Amino acid sequence: MDRHFLKSIKGRMLFLFFTFTSILLLAIGLFLYYEVKDIVLHSVDHTLHSKMQMITGLLHEEHGAIELELSEVISGEYSIPRSGHYYKVIMDGKILAASPSLVDKTYDLTSGVLEYNDLKVREKVFTSIGPDREPIRVLQHDFKFLGRNFTVFVAESLTDSISMIGAFRKFLFIIIPAGIFILSITSLWITNRSLKPIGNLSDRLRTITHKNLNEQIDAKTEAEELVGFADSFNSMLNRLQKAFEAERRLISDASHELKTPVSVIKAYCDVALQKDRTKEELLETLVTIKEVSENMGRLVKDLLSLARLDSGVIEPASFSVISLNECIQQTVQFIAPFAEKRQIKLRTSLTDNVSILGNKVMIVEAILNIIENAVNYNKDRGTVEISSFLNTDGVIVSIRDTGIGIKESDTERIFERFYRADTSRSTQGTGLGLSIAKAIIEAHGGLIKVESEIGKGTNFYISFPITRHPISL
């Protein structure tokens, strides 16, 4: 049988059904065969016992001698030579009587196989060969009567019984293969009918490509067993569609964002090469190109971070218990020199040390992006306050600045990739920092939201689930 066929559901079902059916029918056939054989032989043995009782009942004493009323026995089947019905009576080792059907009174009826020996009633049963070379069943009974030892043999031909058993065996040889064949054809039909919904579903799945991910499967029309699969597949299509849309948007936005700095660099180079420039002019050009290149470097770095996040680089299985206060303090140390240049004060007010389950490097990067954003869009000599407090759901980290603020219409989109509010167009940045922060926070089971008021500042709230509280360092 083809290995590919056996690997299919249909092949496995048919193979298992065929194997099970064959074994079951063969077992039933063997059981019936031996049951019928036992019933037939038991019937023969019952007949032998009846005739044995009849012969022993004819023994009687008359005038001090043992006599056997043969007239009751030799009539009919026992009087015909080699009729298949035989008896012999032996008294004290000598033949007292024998049926004419034996022809030879000394013929040994017990030369065959001993089937069983009942010592309690002193009976033996043999399967032997009769005077006509036919198979016979022989019952031997030993007993005492009037002080004499008697052995009585009664035999019946098994020719008809064996023919009956043979006919039943031939019947089984025909009916069992026919039954296996019919049940196999039936199982093939049942399997095809049962697997038809899977085939129809497979045909529909083949028509779905990246161009028509919105064409989902109607789970209500599927077999009950496939409803869960159809729902899961539709959920996967939704995720794929979002992923493809995000990828297209990322490529489009990245191309747009990179096109501008590349054009600026090219333009400055073209201008510098058009004619001889003074040292100061060349220096100014190089400074501009350096600034644009650094911005491109930040953009490429952020794009790589997003690509890693999208690929699932943050796996909960790799998380460890980390100190949230340590992450915040490390972030403040990183941003402090930059804040000092603009004379922006960094203030921290942290709750008792708590621990969360996560990746320390990623958590620091997420908080750093938000604090850096708070410094970039703050007023000179402004303030950034970083605080934390506990609530019933976990720990909340608040990052409040005294900056320019965000319009209400922009707060809903600031976490989108490459989105930059009109008020932030003049500052350097890639528009990816908040997107990266949001992705990292959500990967750690947290949430982020923003509240802002134009001219007064912005407040970011980050929530994390707590692993244990408090801990000591």
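**Entry 1: an arginine in a loop**

Does Arg133 count as buried or exposed? I looked it up: Arg133 counts as exposed, because its relative accessibility is 64%. For the words themselves, I noted that buried means under 20% relative accessible area, exposed over 50%, and partly exposed in between, using a 1.4 Å probe and protein chains only. Arg133 sits in the loop between strand E6 (123-129) and strand E7 (135-145). Its phi is near 60°, a positive value in a residue other than glycine.

**Entry 2: what I am looking at**

I wrote down that this is a predicted model, where local features need pLDDT of at least 70, side-chain atom pairs count only at pLDDT 80 or more, and totals for chains, interfaces and linings use all residues. Residues are numbered from 1 along each chain as its sequence is written, and side-chain values use heavy atoms, with hydrogens and water left out.

I then looked up the totals. The protein has nine helices and 15 strands; these are DSSP runs, numbered from the N terminus (helices are H or I with at least four residues, strands are E with at least two). Of its 473 residues, 37% count as buried. The accessible surface comes to about 28,400 Å², and 57% of that belongs to carbon and sulfur atoms. Such areas come from the Shrake-Rupley method with a 1.4 Å probe, and for residues only the protein chains shown count as cover.

I also checked contacts, meaning heavy atoms within 4.5 Å. Among contacts between residues at least 6 apart in sequence, 62% join residues at least 24 apart.

**Entry 3: H2 and H3**

How do helix H2 and helix H3 cross? I found that the axes of H2 (residues 9-57) and H3 (residues 159-206) come within 9 Å and cross at roughly 160°. That makes H2 roughly antiparallel to H3. The axes are lines fitted to C-alpha atoms, for helices over the stretch in contact, and angles run from 0 to 180 degrees between N-to-C directions.

By class, the contact of H2 with H3 has 21 nonpolar, nine polar and three charged residues. I kept the classes handy: Ala, Val, Leu, Ile, Met, Phe, Trp, Tyr, Cys and Pro are nonpolar, Asp, Glu, Lys and Arg are charged, and the others, Gly among them, are polar.

Thr47 is partly exposed, with a relative accessible area of 32%. The C-alpha atoms of Thr47 and Glu156 are separated by 8.5 Å, although these residues are 109 apart along the chain.

**Entry 4: H7 and its partners**

I turned to helix H6 (residues 324-341) and helix H7 (residues 360-376), which pack at about 40° with their axes 9 Å apart. H6 and H7 are therefore oblique to each other. The contact includes Phe334 and Phe338 of H6, and Ile367 and Ile371 of H7. By class, I listed 13 nonpolar, three polar and three charged residues for it.

H7 also packs with helix H9 (residues 433-443), at an angle of about 145° and with the axes 9 Å apart. Among the residues that meet are Ile363 and Ala366 in H7, and Ile436 and Ile440 in H9. Here I noted nine nonpolar, three polar and one charged residues.

**Entry 5: another arginine**

Where does Arg381 lie? I found Arg381 in the loop between H7 and strand E12 (383-391). Arg381 has a positive phi of about 60° although it is not a glycine. Arg381 is exposed, with a relative accessible area of 63%.

How values were computed: Parallel < 35°, antiparallel > 145°, perpendicular 65-115°, else oblique.
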